[in-house]
Amino acid sequence: MGTCFVHPECQTEKHCPYCSKPYCDGCLLLHGPIDRIVCKSCFDEISRRLRGSIFRRWFYAAGGLSLGPYLFYLGYIHSSDTTMSLVGIGALVAGIVNVIRIKTYRDTLRSRPYANGVFSPNE
Ligand SMILES: [Zn+2]
Ligand SMILES: [Zn+2]
């Protein structure tokens, strides 16, 4: 039993698994596909990091999905160059993997209040 890191007047038994600080229900969020508990400041940090990753991965995805088929065409159909066609397939697969990662990151960025709006620490 401790008191909320933000609200010293709130008793709580819960803590954020990322920063280990104690928080009351009103300070916690559930995020991601499996509803992981997280405090608001850790979630802000996670969101910032993931948005950066999503931004980068869009480039990889777009590059892989456009260059992959093109290299495959050049290698396999145009010049029977096995290496180039394999590189093309690799780039295409990398593009698809990045699209899947972006989807996973976006799922992780979904959040809802832990207390479902029932409890407010200011009441
Ligand atoms: Zn935290
Ligand atoms: Zn609190």
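# Close-up views of a predicted model

A compact globule of 123 residues would have a radius of gyration near 14 Å, whereas the chain shown here has 22 Å. The model is predicted, and the legends below describe it one region at a time.

**Figure 1. Overview of the chain and its secondary structure.** The C-alpha trace spans about 75 × 25 × 20 Å along its principal axes. Two helices and five strands are present, and their order along the sequence is β-β-β-β-α-α-β. Buried residues account for 18% of the 123 residues. Of the contacts between residues at least 6 apart in sequence, 45% join residues that are at least 24 apart.

**Figure 2. The open sheet formed by three strands.** The strands are arranged in the order S4-S3-S5, and their pairing is antiparallel. S4 and S5 are the edge strands, each of them pairing on one side only. On average, neighbouring strands of this sheet are turned by 40° against each other, direction ignored. Helix H1 packs on the sheet and touches S3, S4 and S5. The direction of H1 makes about 100° with that of S4.

**Figure 3. The pairing of S3 with S5.** On this side, S3 is joined by three bridges to strand S5 (residues 111–113), and the two strands run antiparallel. One facing pair to locate is His31, which stands opposite Ser111 in S5.

**Figure 4. Two loop residues with positive phi.** Most residues other than glycine have a negative phi. Ser20, by contrast, has a positive phi near 65°. Ser20 is found in the loop between strand S2 (11–12) and strand S3 (28–31). Ser20 is exposed, because 8 other C-beta atoms lie within 10 Å, and a residue counts as exposed if that number is 12 or fewer. The second residue is Asp35, with a positive phi near 55°. Asp35 has 13 other C-beta atoms within 10 Å and is therefore partly exposed.

**Figure 5. The largest nonpolar core.** Eleven residues make up this core: Cys4, Cys16, Tyr23, Cys24, Cys27, Leu28, Leu29, Val38, Cys39, Phe43 and Tyr114. S3 and S4 each supply at least two residues of this core.

**Figure 6. The surroundings of Tyr23.** Not counting residues up to four places away in sequence, Tyr23 touches Cys4, Phe5, Val6, Thr12, Lys14, His15, Cys16, Leu28 and Cys39.

**Figure 7. Helix H2 and its buried residues.** Helix H2 (residues 82–109) has 28 residues. From its first C-alpha to its last, H2 reaches 41 Å, close to the 40 Å expected at 1.5 Å a residue. Gly88, Ala91, Gly95 and Asn98 are buried in this helix. Helix H1 (40–78) is included in what covers the buried residues of H2.

**Figure 8. Tyr70 in helix H1.** Tyr70 is found in helix H1. Because 13 other C-beta atoms lie within 10 Å, Tyr70 is partly exposed. The C-alpha atoms of Tyr70 and Leu86 are separated by 12 Å, and these two residues are 16 residues apart along the chain.

Notes
Residues are numbered from 1 along each chain as its sequence is written. Chains are lettered from A and ligands numbered from 1 in the order in which they are written. This is a predicted model: local features need pLDDT of at least 70, side-chain atom pairs count only at pLDDT 80 or more; totals for chains, interfaces and linings use all residues. Helices (H or I, at least four residues) and strands (E, at least two) are DSSP runs, numbered from the N terminus. A residue is buried if 20 or more other C-beta atoms lie within 10 Å of its own, exposed if 12 or fewer, and partly exposed in between; C-beta atoms are placed from the backbone. The radius of gyration is taken over C-alpha atoms; the globule rule is 2.2 Å times the number of residues to the power 0.38. Two residues are in contact if their C-beta atoms, placed from the backbone, lie within 7 Å. The expected span of a helix is 1.5 Å times one less than its number of residues. A nonpolar core is a set of buried Ala, Val, Leu, Ile, Met, Phe, Trp, Tyr and Cys residues joined through C-beta atoms within 7 Å. Two strands pair if DSSP finds at least two bridges between them. Axes are lines fitted to C-alpha atoms, for helices over the stretch in contact, and angles run from 0 to 180 degrees between N-to-C directions.
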